[in-house]
Amino acid sequence: RAKQDGRNTYCFFESEMDALMKARRELELDLRSAIEKGQMQLAYQPVINSETLEIAGFEALLRWHHPQRGWVPPSEFIPVAEASGQICDIGAWVLRQACQEARNWPDHLWVAVNVSPVQFKHRDLIQDLNTALLDASMSANRLELEITEGVLLHNTESTLATLESIHSLGVSISMDDFGTGYSSLSYLRMFKFDKIKIDQSFISDLHQTQDARAMIGAITSMCENLGIKTTAEGVETRAQQDILIQQKCSLLQGYLFGRPVLSSELDVYRFAKQQQDYHTR
Ligand code: C2E
Ligand code: MG
Ligand code: MG
Ligand code: MG
């Protein structure tokens with residue numbers, strides 16, 4: 001009897017798992033043709049200089065419009081693409097696309113591209129970078145790569161060598177989601193990052209707790225001493241903005257300044273003008 005129940009439970013789980021696996025396989029299959037079918041686009045979110053309140057650059061964020069499912073969030077399809085290895089081709093496309101699009105912007109504006117740990121390890125990233133920059137004839141110092149601690153988790157010689165090669169091209173490197181990992185601080189000793197992006201979880205409770213404010217202040221002054229710029233992610237309120245400026249965070253990013261805008265709808269010149277008008281009002 002008990003055995004019978006156990007068996008039923010097992011069967012139930014199995015079919016649930018089957019459904020999940022099936023959905024994942026379908027997503028993986030659809031991902032294969034997503035780029036060639038024109039379903040992928042980049043959206044750009046402005047990053048603001050906290051001293052001048054002018055736009056300093058944009059972060060490129062990948063968007064997938066699936067014909068049946070509609071917009072699929074990156075949190076859903078990036079892990080699938082990483083598990084299947086498709087992220088390498090997708091990531092190379094993102095690099096090319098971001099450079100092609102940013103070359104038409106005013107040339108004081110940089111573009112930041114997210115690079116997956118899988119892409120970082122399994123592909124000649126340097127080759128992809130070079131091609132993207134050359135084809136767009138964009139200068140390397142306008143490009144920035146955002147990596148997460150997943151890249152540094154296995155601290156091998158080759159990881160550091162790749163980071164150095166990126167730097168020697170003139171491309172900047174930021175550490176994304178700073179503070180969420182296990183040893184964010186120790187990574188700062190391993191490599192000379194140009195910028196860290198303080199994770200939005202630190203920003204969201206800024207106005208509620210004194211601790212959060214002290215933490216931001218400690219991070220920004222440490223980084224200032226190390227010659228590293230700081231970006232606050234997920235800034236949504238004016239109160240947060242004020243505290244972050246007071247705590248000398250170099251750059252601000254979040255819905256307060258603008259949501260990510262699809263490249264097809266983005267007019268960088270008009271956008272920059274509107275931002276200025278808003279802040280001088
Ligand atoms: P991320 O790189 O940390 O990007 C920031 C995320 O925060 C974006 O979500 C952005 O839309 C969101 N965000 C920006 N401002 C605010 C705000 O004020 N409040 C809130 N609540 N959220 C805000 P998104 O676009 O859904 O991307 C999620 C993650 O997916 C990214 O986190 C990044 O890790 C990954 N991702 C996106 N595009 C790419 C890509 O081209 N390649 C790779 N490898 N990963 C990507
Ligand atoms: Mg990012
Ligand atoms: Mg982030
Ligand atoms: Mg994030």
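The largest pocket of this predicted model is lined by 34 residues, and E59, L61, P74, N114 and D176 lie nearest its centre. A pocket is an open set of points on a 1 Å grid over the protein atoms alone, where a 1.4 Å probe fits, with protein on both sides within 12 Å along at least five of seven lines; lining residues have an atom within 4 Å of a point. The lining of the largest pocket comprises 14 nonpolar, 12 polar and 8 charged residues, where Asp, Glu, Lys and Arg count as charged, Ala, Val, Leu, Ile, Met, Phe, Trp, Tyr, Cys and Pro as nonpolar, and the others, Gly among them, as polar.

The magnesium ion (ligand 2) is coordinated by E59 (OE), N114 (OD1), E146 (OE) and D176 (OD), at 2.0 to 2.2 Å; donors are N, O and S atoms within 2.8 Å of the metal (3.2 Å for Na, K and Ca), and sites may look incomplete because water is not among the atoms. D176 also bridges this ion and the magnesium ion (ligand 3), the two lying 4.1 Å apart. E146 belongs to strand β5 and D176 to strand β6, so the pair ties together parts 30 residues apart in sequence; strands (E, at least two residues) are DSSP runs numbered from the N terminus. E146 is buried at 2% relative accessible area, and D176 is buried at 8%, buried meaning under 20% (1.4 Å probe, protein chains only).

Residues are numbered from 1 along each chain as its sequence is written, and chains are lettered from A and ligands numbered from 1 in the order in which they are written. Local features need pLDDT of at least 70 and side-chain atom pairs pLDDT 80 or more, while totals for chains, interfaces and linings use all residues; side-chain values use heavy atoms, leaving out hydrogens and water.

Definitions and conventions
Helix = DSSP H or I, 4+ residues; strand = E, 2+ residues; numbered from the N terminus. Buried < 20%, exposed > 50% of the residue type's maximum accessible area, 1.4 Å probe, protein only.
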